[in-house]
Amino acid sequence: MPLIEALRREVAEETGLAVSSVGDYLGHFDYRSGSGRATRQFNFAATVTEADEPVKLTEHDAHLWADHSEQDRVSSATRAVLDAWGHRAA
């Protein structure tokens, strides 16, 4: 499936992590990229292999890893994806 192949490739390129399995589809949302292009982001639950080194973001380095205490700082679209993941993980 091309979308899953793209998911694996983007995770590897942007984080250095390898996706070992892809789970549920969690939804999508549209946004404007930094260059102003209309973009659609598809979101899936995924499992990655353990990293030998800390993850270093290459394309989204202005963003942060948000633990549970910081997730109120995300957009409403991202909040909806996190809620979908939380309902499936429960």
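These are my notebook entries on one predicted model.

**Ground rules**

I number residues from 1 along each chain as its sequence is written. The model is predicted, so I take local features only at pLDDT of at least 70 and side-chain atom pairs only at pLDDT 80 or more, while totals for chains, interfaces and linings use all residues; side-chain values use heavy atoms, with hydrogens and water left out.

**Entry 1: the overall layout**

I started with the elements. The chain has two helices and two strands. I take these as DSSP runs numbered from the N terminus (helices are H or I, at least four residues; strands are E, at least two). From the N terminus on, the order is α-β-β-α. The radius of gyration is 14 Å, close to the 12 Å of the globule rule for 90 residues, so the chain is as compact as a globular protein of that length. That radius is taken over C-alpha atoms, and the globule rule is 2.2 Å times the number of residues to the power 0.38. The C-alpha trace spans about 35 × 30 × 30 Å along its principal axes.

Next I looked up burial. I call a residue buried under 20% relative accessible area, exposed over 50%, and partly exposed in between (1.4 Å probe, protein chains only). Of the 90 residues, 17% count as buried.

I also checked contacts, meaning heavy atoms within 4.5 Å. Among contacts with a separation of 6 or more, 47% come from residues 24 or more positions apart.

**Entry 2: the core**

Which residues make up the largest nonpolar core? I found five: Leu26, Phe29, Ala45, Val81 and Ala84. Strand β1 (19–32) and helix α2 (76–89) are the elements that give two or more residues to this core. A nonpolar core here is a set of buried Ala, Val, Leu, Ile, Met, Phe, Trp, Tyr and Cys residues joined through side-chain atoms within 4.5 Å. In soluble globular proteins, nonpolar side chains tend to be buried together.

I then followed alanine 45. Leaving aside neighbours within four places in sequence, alanine 45 is in contact with Val22, Gly23, Asp24, Leu26 and Trp85.

**Entry 3: aromatic pairs**

I counted two aromatic pairs in the structure. I looked at phenylalanine 29 and tyrosine 31, whose rings are 6.1 Å centre to centre with 50° between the planes, a tilted pair. The rule covers rings of Phe, Tyr and Trp (its six-membered ring) with centres within 6.5 Å; planes under 30 degrees apart are stacked, over 60 edge-to-face, and the rest tilted. Phenylalanine 29 is buried at 15% relative accessible area. Tyrosine 31 is partly exposed at 35%.

**Entry 4: asparagine 43**

I found asparagine 43 in strand β2 (residues 38–48). Is asparagine 43 buried or exposed? It is buried, at 11% relative accessibility. Its side chain makes a polar contact of 2.8 Å with the side chain of glutamine 41. A polar contact is a pair of N or O atoms within 3.5 Å; within protein, one must be able to donate a hydrogen and the other to accept it, and residues adjacent in sequence count only if both atoms are side-chain atoms. Not counting residues up to four places away in sequence, asparagine 43 touches Asp24, Tyr25, Leu26, Gly27, His28, Phe29 and Val81.

**Entry 5: salt bridges**

How many salt bridges are there? I count two, taking a salt bridge as a side-chain nitrogen of Lys or Arg within 4 Å of a carboxyl oxygen of Asp or Glu.

In one, the closest N and O atoms of arginine 40 and aspartate 30 are 2.6 Å apart. Arginine 40 lies in strand β2 and aspartate 30 in strand β1, so the pair ties together parts that are ten residues apart in sequence. Arginine 40 is partly exposed at 45%, and aspartate 30 is partly exposed at 49%.

Aspartate 83 and arginine 79 form a salt bridge with closest N and O atoms 3.1 Å apart. Both lie in helix α2, four residues apart, about one turn of the helix. Aspartate 83 is partly exposed at 36%, and arginine 79 is partly exposed at 29%.

**Entry 6: threonine 15**

Last, I looked up threonine 15, in helix α1 (residues 2–15). Threonine 15 is buried at 17% relative accessibility. Its side chain reaches the backbone oxygen of valine 11 at 2.6 Å. A polar atom of that side chain also lies 3.1 Å from the backbone nitrogen of leucine 17. Not counting residues up to four places away in sequence, threonine 15 touches Glu10, Val55, Lys56 and Leu57.
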